[in-house]
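The notes follow the order in which I checked them.

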Amino acid sequence: MIYHTRKMVKPGDLNPNGTLFGGRLLEWIDEEASLFAVIQLENTRVVTKYMSEINFISAATPRDMIEIGIETIKFGRTSLVLRCEVRNRMTKKTIITIENITFVALDKFGRPKPHKKTSADIIERID
């Protein structure tokens, strides 16, 4: 798992319980995963097709620094399947896991487009 993005939990990110709002975290995950998919597929036209069960394991609180990890699971004909883990940067404690986030490559008309990528084409670093 490669951790690309770090975020600081701020007061505006909190739910009424004083912990990181799940919707905010999912927004960050979707953005990070879509950027990762764009790079892997070398296509700026990708859409989130599917997210599997979301497993909230622990909470993040104000001033926690979290990091979002993404890895490629498999390539389909027009799709890319990713796995995500978010953890507390300091304690390394897992906050959330998502086993399957599927992105689909699109053509200029918004239709699924074959990408011809394979696991041999994985770009490990986003530099």
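For the segment labels I took helices and strands as DSSP runs, numbered from the N terminus. The model is a predicted one.

**Entry 1: Thr-118.** I looked up Thr-118 and found it in the segment after S6. Its relative accessible area is 40%, so I logged Thr-118 as partly exposed. I then took the C-alpha separation between Thr-118 and Thr-94: 29 Å, for two residues 24 apart along the chain.

**Entry 2: salt bridges.** How many salt bridges does the rule give? The count comes to 10. I used a cut-off of 4 Å between a side-chain nitrogen of Lys or Arg and a carboxyl oxygen of Asp or Glu.

**Entry 3: Arg-24.** I began the pairs with Arg-24, which forms a salt bridge with Asp-13, the closest N and O atoms being 2.5 Å apart. This pair links distant parts of the chain, with Arg-24 in helix H1 and Asp-13 in the loop between strand S1 (2-8) and H1, 11 residues apart. Buried or exposed, for Asp-13? I noted Asp-13 as buried, because its relative accessibility is 4%. Arg-24 has 27% and counts as partly exposed.

Arg-24 also meets Glu-27 in a salt bridge, at 3.6 Å from N to O. Both of these residues lie in helix H1, three residues apart, about one turn of the helix. Glu-27 is partly exposed at 48% relative accessibility.

**Entry 4: Lys-117 and Glu-42.** Next I checked Lys-117 and found its side chain in a salt bridge with that of Glu-42 (2.9 Å, N to O). Lys-117 lies in the segment after S6 and Glu-42 in the loop between H1 and strand S2 (46-51), so the pair ties together parts 75 residues apart in sequence. Lys-117 is buried at 17% relative accessible area, whereas Glu-42 is exposed at 59%.

**Entry 5: network and patch.** I listed one network of salt bridges, which links Arg-6, Glu-67, Arg-87, Arg-89 and Lys-92. I also listed a patch of positive charge on the surface, where Arg-45, Lys-108, Lys-113 and Lys-116 gather.

Entry 6: Asn-88 lies in strand S5 (residues 79-88) and is buried, with a relative accessible area of 8%. Its side chain reaches the backbone nitrogen of Met-90 at 2.8 Å. Last, I found Glu-31 in helix H1 (residues 22-41), partly exposed at 44%. Glu-31 and Thr-48 are 17 residues apart in sequence, and I logged 9.8 Å between their C-alpha atoms.

Methods
Residues are numbered from 1 along each chain as its sequence is written. This is a predicted model: local features need pLDDT of at least 70, side-chain atom pairs count only at pLDDT 80 or more; totals for chains, interfaces and linings use all residues. Side-chain values use heavy atoms; hydrogens and water are left out. Patches are made of residues with over 30% relative accessible area and no salt bridge: like charges are joined within 9 Å, nonpolar side chains (Val, Leu, Ile, Met, Phe, Trp, Tyr) within 5 Å. Accessible areas come from the Shrake-Rupley method with a 1.4 Å probe; for residues, only the protein chains shown count as cover. Lys and Arg count as positive and Asp and Glu as negative; His and the chain ends are not counted. The place of a charge is taken as NZ of Lys, CZ of Arg, CG of Asp or CD of Glu. Helices (H or I, at least four residues) and strands (E, at least two) are DSSP runs, numbered from the N terminus. Buried means under 20% relative accessible area, exposed over 50%, partly exposed in between (1.4 Å probe, protein chains only). A polar contact is a pair of N or O atoms within 3.5 Å; within protein, one must be able to donate a hydrogen and the other to accept it, and residues adjacent in sequence count only if both atoms are side-chain atoms.
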